[in-house]
Amino acid sequence: MTPPRFVTFEGIDGSGKSTQARLLTDRLRAAGQDVVLTREPGGSPGAEEIRQLLLTGNPDRWTAETEILLFTAARRDHLEKTIQPALDAGKIVISDRFADSTRVYQGATRGDLRGIVDQLHNLMIGREPDLTFVIDMDPATALDRGLARQSGEDRFEDFGLPFQETLRHGFLALANAHRRCVLIDGNRDPDAIASEVAAHL
């Protein structure tokens, strides 16, 4: 079996996935692996510009349909400029979010748009991760953590707790639907979570 080289972390806002992506990157680099740590939306200059459009401002700034187009544009640039070149060079790519986030955030929670998300993904991206860790945790705790960061990129947190609860169910359903997904209990100490992640890898 080929070891996974494209690994993603998914979960609701404030679930700790960014921390776990960084901890796994540090662990692999310490073991001598060449690793690229990236994120979505973002991960390339063009995608980072789109990130600001998506994550700041009024929650009602964009319709779900417009968000899907913006996320797909950012993901295409990210794939072209960062992910695929790194994989072609034999590196490991660890991404904080990828297409699964769009499937849940826009496809499953903001109208019945999953079909559109999948069609655009097939047309413009056509790539899935080798392994996806879905970090699951209590939505209220995660929301408090996300808002406490005061990053200025809290447009989705501003939709409130019911939205985060719906997101959680979407991620749980996604984790159960795909063999590449590993569901991780995020209601624990970060080091304990990191150890479980490393064991799966």
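Student: Leaving aside neighbours within four places in sequence, which residues is His78 in contact with?
Tutor: This is a predicted model, so we read contacts from predicted positions. Start from helix H3, where His78 has its place. Set aside the neighbours within four places in sequence, and His78 is in contact with Thr38, Arg39, Glu40, Gly42, Gly43, Ser44, Ile83 and Ser95.

Student: Is His78 buried or exposed?
Tutor: Look at the relative accessibility, which is 0% for His78. Buried means under 20%. Therefore His78 counts as buried.

Student: Which side chain is joined to that of His78 by a polar contact of 2.7 Å?
Tutor: Begin with the contacts of His78, which include Thr38, Arg39 and Glu40. A polar contact needs a pair of N or O atoms within 3.5 Å. At 2.7 Å, the partner of the His78 side chain is that of Thr38.

Student: How are the directions of H2 and H3 related?
Tutor: H2 covers residues 45-55 and H3 covers residues 64-88. Their axes are 8 Å apart, and the packing angle is about 160°. Angles over 145 degrees count as roughly antiparallel. So H2 is, relative to H3, roughly antiparallel.

Student: Which residues of H2 and H3 make the contact?
Tutor: H2 passes H3 in a left-handed crossing. From H2 come Gly46, Ala47, Ile50 and Leu54. From H3 come Glu67, Leu70, Phe71, Ala73, Ala74 and Asp77.

Student: How do the residues of that contact of H2 with H3 divide into nonpolar, polar and charged?
Tutor: Glu67 and Asp77 of H3 take part in the contact, and Asp and Glu count as charged. Gly46 of H2 takes part too, and Gly counts as polar. The division is seven nonpolar, one polar and two charged.

Student: How far apart in space are Glu49 and Ala74, C-alpha to C-alpha?
Tutor: Glu49 has its place in H2. Ala74 is among the H3 residues that make the contact with H2. In sequence, Glu49 and Ala74 are 25 residues apart. In space, their C-alpha distance is 8.5 Å.

Student: Is Glu49 buried or exposed?
Tutor: The relative accessibility of Glu49 is 60%. Exposed means over 50%. So Glu49 counts as exposed.

Student: What pattern does the protein chain follow along the sequence?
Tutor: Count the elements to begin. The protein chain has eight helices and five strands. Read along the sequence, their pattern is β-α-β-α-α-β-α-α-β-α-α-β-α.

Student: What share of the contacts with a separation of 6 or more comes from residues 24 or more positions apart?
Tutor: The protein chain has 201 residues, of which 51% count as buried. Now take its contacts with a separation of 6 or more. Residues 24 or more positions apart account for 76%.

Student: Which residues of H8 does H1 meet?
Tutor: The crossing of H1 and H8 is right-handed. On the H1 side stand Gln20, Leu23, Leu24 and Arg27. On the H8 side they meet Pro190, Ile193, Ala194, Ser195, Val197 and Ala198.

Student: Which side chain has a polar contact of 2.8 Å with Lys17?
Tutor: Lys17 has its place in H1. At 8% relative accessibility, Lys17 counts as buried. Its contacts beyond four places in sequence include Asp96, Arg97 and Ile135. The polar contact of 2.8 Å joins its side chain to that of Asp96.

Student: What is the phi of Arg97?
Tutor: Arg97 lies in the loop between strand S3 (92-96) and helix H4 (99-105). Most residues other than glycine have a negative phi. Arg97 is not a glycine, yet its phi is positive, about 85°.

Student: What is the omega of the peptide bond from Glu40 to Pro41?
Tutor: Pro41 lies in the loop between strand S2 (35-39) and H2. Most peptide bonds are trans. The bond from Glu40 to Pro41 is cis, with omega near -10°.

How values were computed:
Residues are numbered from 1 along each chain as its sequence is written. This is a predicted model: local features need pLDDT of at least 70, side-chain atom pairs count only at pLDDT 80 or more; totals for chains, interfaces and linings use all residues. Side-chain values use heavy atoms; hydrogens and water are left out. Axes are lines fitted to C-alpha atoms, for helices over the stretch in contact, and angles run from 0 to 180 degrees between N-to-C directions. Helices (H or I, at least four residues) and strands (E, at least two) are DSSP runs, numbered from the N terminus. Angles under 35 degrees count as roughly parallel, over 145 as roughly antiparallel, 65 to 115 as roughly perpendicular and the rest as oblique. A crossing is left-handed if the near helix is turned anticlockwise from the far one by less than a right angle, and right-handed if clockwise. Contact means heavy atoms within 4.5 Å. Buried means under 20% relative accessible area, exposed over 50%, partly exposed in between (1.4 Å probe, protein chains only). A polar contact is a pair of N or O atoms within 3.5 Å; within protein, one must be able to donate a hydrogen and the other to accept it, and residues adjacent in sequence count only if both atoms are side-chain atoms.
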